[in-house]
Amino acid sequence: MPFPTLASSVLSCVEISEPLQSKKGQKFCNIFFNGEQPLWQLSSEALYSPWQAGVFQKDSAVETRQNLDLHLTEETRATLEAFDAHFREALKVHAPKAAYHPLVKEADDPNFPSSIKFKVNACGPNACRFWQDDQTPLGDVRSVKTAGAKIVPIFCFSKAWFMGTQCGVTAELRAAVISQNTGNVTDIFPL
């Protein structure tokens with residue numbers, strides 16, 4: 001695989017910086033793994049995107065940062081739940097009374113799979129690149145049809161955030177492979 005698959009075994013390498021403040025005044029901490037912010041492949045299996053990437057109540061065609069929901073397999077759910085447990089405890093140091101906003105989103109309907117919401121940049125140095133599994137570039141999140149697609153996500157944990165009485169971790173999509181098949185994905189492209 002071109003990127004390491006995320007596994008709970010790397011939790012011992014997680015480092016969370018001291019709190020910083022953004023230009024807009026939001027408190028956050030950077031997340032590192034042995035001093036780096038590596039890219040992770042969430043799964044070798046493509047994950048289903050039930051909806052088009054977008055921004056709630058805004059024009060998705062012009063917004064430069066969007067959200068993309070992907071359904072989780074049991075394996076990816078278990079891995080992300082281990083990260084949720086770790087981050088929930090680690091962030092208590094900086095915000096002891098804040099409620100943790102988990103990476104794993106449970107559906108209201110128990111017949112519907114759990115999911116993860118990725119932040120996706122359309123432009124700038126951290127813009128997500130979308131590809132077909134034959135290495136054909138597809139464009140940015142504003143021009144790619146994600147609704148109903150099977151996607152292999154390549155992402156990083158960019159930061160921990162604190163807002164009011166909540167805190168959480170941002171999973172930022174940096175590359176995505178739109179799979180044309182439903183099987184496992186092999187080495188797809190170099191970045």
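## Rings, charges and a nonpolar core

Let's start with a lysine: the charged end of lysine 27 sits over the ring of phenylalanine 162, 4.9 Å from the ring's centre. "Over a ring" here asks that NZ of Lys or CZ of Arg be within 6 Å of the ring centre and within 35 degrees of the ring normal. Lysine 159 does this too, with its charged end over the ring of phenylalanine 28 and 5.8 Å from that ring's centre.

Before going further, a word on what you're looking at. This is a predicted model, where local features need pLDDT of at least 70, side-chain atom pairs count only at pLDDT 80 or more, and totals for chains, interfaces and linings use all residues. Residues are numbered from 1 along each chain as its sequence is written, and side-chain values use heavy atoms, leaving out hydrogens and water.

Now for rings meeting rings. Rings of Phe, Tyr and Trp (its six-membered ring) pair if their centres lie within 6.5 Å; planes under 30 degrees apart are stacked, over 60 edge-to-face, and the rest tilted. That rule gives eight aromatic pairs. One of them joins phenylalanine 83 and phenylalanine 157, stacked at 5.3 Å centre to centre with 25° between the planes. Phenylalanine 83 belongs to helix H1 (residues 74-91) and phenylalanine 157 to strand E12 (residues 150-163), 74 residues apart. Helices (H or I, at least four residues) and strands (E, at least two) are DSSP runs, numbered from the N terminus.

Phenylalanine 157 also pairs with phenylalanine 87, this time edge-to-face, at 5.4 Å centre to centre and 70° between the planes. Phenylalanine 87 lies in H1 and phenylalanine 157 in E12, so this pair ties together parts 70 residues apart in sequence. Phenylalanine 87 is buried at 0% relative accessibility, with buried meaning under 20% relative accessible area, exposed over 50% and partly exposed in between (1.4 Å probe, protein chains only). Phe83, Phe87 and Phe157 are among the members of one aromatic cluster, which also includes Trp40.

Where does this lead? To the largest nonpolar core, which has 43 residues, with Phe83 and Phe157 making the most contacts inside it. Such a core is a set of buried Ala, Val, Leu, Ile, Met, Phe, Trp, Tyr and Cys residues joined through side-chain atoms within 4.5 Å. H1 and E12 are among the elements that each supply at least two of its residues, while strand E13 (166-179) gives the most, with six. A second, separate core has six residues, including Ala46 and Val177.
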